[in-house]
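Student: I am new to this structure and would like to understand how its parts meet. May we go through it step by step?

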Amino acid sequence: MTLALRLAHGTMGALFALSVVLQFNDPNPVAWIVLYAMAAGAASLVAFGKYACAQILGAIVLVIGIILEIPYIRSRAWQTSFSDLTKEWHMTSDAIVDGREFYALFWIIGWMIAVVITARWAMKKAPSASTD
């Protein structure tokens, strides 16, 4: 795997880990802490070349993220404008909460797709690298 991909996954692992810390003031922190921690772990594993574990954990987070995203899609949470989401730091309305959670899950899902694809590609390219 290229250095750029390792750095990208490492950076995202660090950002997901930072997100874990930021969830402690959330009304429902445990679920978000676990999800962000798992995403941080998957991104970090692929960054450190643990492709088989990264692929499994990334796939688990991906499935969980998709399942959790369904209610937000049904409630049309994406219709909250990005400017409304960033105007205020406190989540004072349900639309803001739903919009932020929708986009957080969207970002997690997108990066977990990258984790799974990157890990699979790296394992095919160097089969000996897949032994964790």
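This is a predicted model: local features need pLDDT of at least 70, side-chain atom pairs count only at pLDDT 80 or more; totals for chains, interfaces and linings use all residues.

Tutor: From helix 1, Leu5, Ala8, His9, Met12 and Phe16 meet Trp107, Ile108, Trp111, Met112, Ala114, Val115, Thr118 and Trp121 of helix 5. By class, this contact of helix 1 with helix 5 comprises 11 nonpolar, 2 polar and no charged residues.

Student: At roughly what angle do the axes of helix 1 and helix 5 cross?

Tutor: Helix 1 covers residues 3-22, and helix 5 covers residues 94-125. Their crossing is left-handed. The two axes come within 12 Å, and they cross at roughly 145°.

Student: Does Thr118 count as buried or exposed?

Tutor: Thr118 has its place in helix 5. Leaving out residues up to four places away in sequence, Thr118 touches Met1, Leu5, His9 and Val46. Buried means under 20% relative accessible area. Because its relative accessibility is 9%, Thr118 counts as buried.

Student: Which residues of helix 3 meet helix 2?

Tutor: The axes of helix 2, residues 29-47, and helix 3, residues 51-74, come within 8 Å and cross at roughly 145°. Helix 2 passes helix 3 in a left-handed crossing. On the side of helix 2, the contact involves Trp32, Leu35, Met38, Ala39, Gly41, Ala42, Leu45 and Val46. On the side of helix 3, the residues are Tyr51, Cys53, Ala54, Leu57, Gly58, Ile60, Val61, Ile64, Leu68 and Tyr72.

Student: How many nonpolar, polar and charged residues does the contact of helix 2 with helix 3 have?

Tutor: Leu35 and Leu57 are among the residues of this contact, and both count as nonpolar. Gly41 and Gly58 also take part, and Gly counts as polar. The contact of helix 2 with helix 3 has no charged residues, 2 polar and 16 nonpolar.

Student: What is the nearest side chain of opposite charge to Glu101, and how many Å away is it?

Tutor: Glu101 lies in helix 5. Apart from neighbours within four places in sequence, Glu101 is in contact with Trp32, Glu69 and Tyr72. Glu101 is buried yet has no salt bridge. The nearest side chain of opposite charge is Arg100, at 9.4 Å.

Student: What separation do the C-alpha atoms of Val34 and Val61 have?

Tutor: Val34 lies in helix 2 and is partly exposed, with a relative accessible area of 43%. Val34 and Val61 are 27 residues apart along the chain. Their C-alpha atoms are separated by 9.9 Å.

Terms used:
Residues are numbered from 1 along each chain as its sequence is written. Side-chain values use heavy atoms; hydrogens and water are left out. Axes are lines fitted to C-alpha atoms, for helices over the stretch in contact, and angles run from 0 to 180 degrees between N-to-C directions. Helices (H or I, at least four residues) and strands (E, at least two) are DSSP runs, numbered from the N terminus. A crossing is left-handed if the near helix is turned anticlockwise from the far one by less than a right angle, and right-handed if clockwise. Contact means heavy atoms within 4.5 Å. Buried means under 20% relative accessible area, exposed over 50%, partly exposed in between (1.4 Å probe, protein chains only). Lys and Arg count as positive and Asp and Glu as negative; His and the chain ends are not counted. A salt bridge is a side-chain nitrogen of Lys or Arg within 4 Å of a carboxyl oxygen of Asp or Glu.
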